[in-house]
Amino acid sequence: MSLEALFQPLTIGSLEIPNRVVMAPLTRARADDRHVPTPLQGEYYAQRADAGLIISEATAVDPLGMGWYRAPGIWSDEMTTAWKGITNRVHEAGGRIYCQLWHMGRLVLPDYIGGQQPIGPSPIAGEGETMAPPPEDYTGGFLPMKPYVVPREMVQADIDQLVAAYGRGASNAQAAGFDGVEIHGANGYIIDQFLQSKTNRRQDGYGGSIDNRVRLLREVIEAVIAKVDPGRVGLRVSPTSERKGMGDADPGALTEAIGRIAQQYGLAYIHLIEPIASGFMEKPVYPVMDRLRAVFSGTIIQNGSFDGPAAGDAISQRKADAISFGRPYIANPDLVARIRHGLPLADANFDYAYIGEEKGYTDYPTVAPAT
Ligand SMILES: Cc1cc2nc3c(=O)[nH]c(=O)nc-3n(C[C@H](O)[C@H](O)[C@H](O)COP(=O)(O)O)c2cc1C
């Protein structure tokens, strides 16, 4: 019975969605090598248009925040025009798509930004390594891995430029025909780097207390809602995540502070990734959900390790209003119909998750009857 909860319509801010299956943002690296989106991405998203809502892959608002080979940006007119072709495809297929606005901060390798040192709240390197740009003789396949570097501690002018870049990204997303935007405050990228105590050791008004650590988020939200109606703005956060060297002394209190800000500015939704403390979990868990629900009356989209029945249960039990699915969307373009009809899900080939062209991207078949 509870599966039916997933197929009830929902109003998120000022957007009506026909079901509560959300496509989670998935970086798939099919833009061109100048970070301009391609028509192939339009094909991919249109195939998935029966999701209640698609959140685009992380999309950089500024060249300094872009450290991923062939991930898309939205800082230029050329990129904005290219995105317009993609949102048109989704709308023609009957779908809705938000743009996830992204800046990687300390996780950008200097190789991507002309040898410059990346920026971050404090001079502390991310833990682990990431894909470097391809070598000159690159002919395809896996990219070389390199460790993260110590970032340059941002001064006020860097912060002002960052906030302005989010404003420009939001306005470009609107011009590109996105139905709304999602501020990427999760997964160890720049906003998260300011939010969490382990990565923010600043002595100024942006560091120290939780009130100070949420200040950048507050400024970014203000810049974004100056361009896009708050009823069409969401925020993604992962306050319990410890991946890439993240960590917070009190994730529950941080979550509550984030929720209060979202409430104050009337944001449409919070997209909460709870379970991923140090990797993918086997099933959903809810360490901070109740703290958020107590202070935020907008929509809560939960993410992480859900299947259809677990998603239906979570909505029925008011643990979430909608559920986003990440990995299942790679190999199941018709995920909504498959869940509805109880059909088995196809497994993704992760060799092509972050690299390639059509193969492992747009060539997964649809098997479910149309709903
Ligand atoms: C290939 C891949 C790419 C991802 N790219 C993004 C991204 O661009 N932005 C983001 O916020 N999360 C990204 N994630 C995280 C997913 O949105 C999601 O949080 C994660 O997969 C857990 O959900 P799931 O258990 O349904 O897969 C990515 C995950 C995968 C597997």
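Modeller: Let's begin at His184: an N or O atom in the side chain of His184 is 3.1 Å from an oxygen atom of the ligand. That is a polar contact, meaning a pair of N or O atoms within 3.5 Å. Keep in mind that this is a predicted model, where local features need pLDDT of at least 70, side-chain atom pairs count only at pLDDT 80 or more, and totals for chains, interfaces and linings use all residues. Numbering runs from 1 along each chain as its sequence is written, and side-chain values use heavy atoms, with hydrogens and water left out.

Colleague: Which residues put a polar backbone atom 2.8 Å from a ligand oxygen?

Modeller: Pro25 has one at 2.8 Å from an oxygen atom of the ligand, and so does Gly326. The protein buries 94% of the 610 Å² that the ligand exposes taken alone (Shrake-Rupley method, 1.4 Å probe).

Colleague: What classes make up the shell around the ligand?

Modeller: Nine nonpolar, eight polar and two charged residues; Gly counts as polar here.

Colleague: New topic: where's Ser238?

Modeller: Ser238 sits in the loop between strand 11 (233–237) and helix 7 (251–265).

Colleague: Buried or exposed?

Modeller: Ser238 counts as buried because its relative accessibility is 1%, and buried means under 20% relative accessible area (1.4 Å probe, protein chains only).

Definitions and conventions. Polar contact = N/O pair within 3.5 Å; in protein donor to acceptor, adjacent residues only side chain to side chain. Helix = DSSP H or I, 4+ residues; strand = E, 2+ residues; numbered from the N terminus. Buried < 20%, exposed > 50% of the residue type's maximum accessible area, 1.4 Å probe, protein only.
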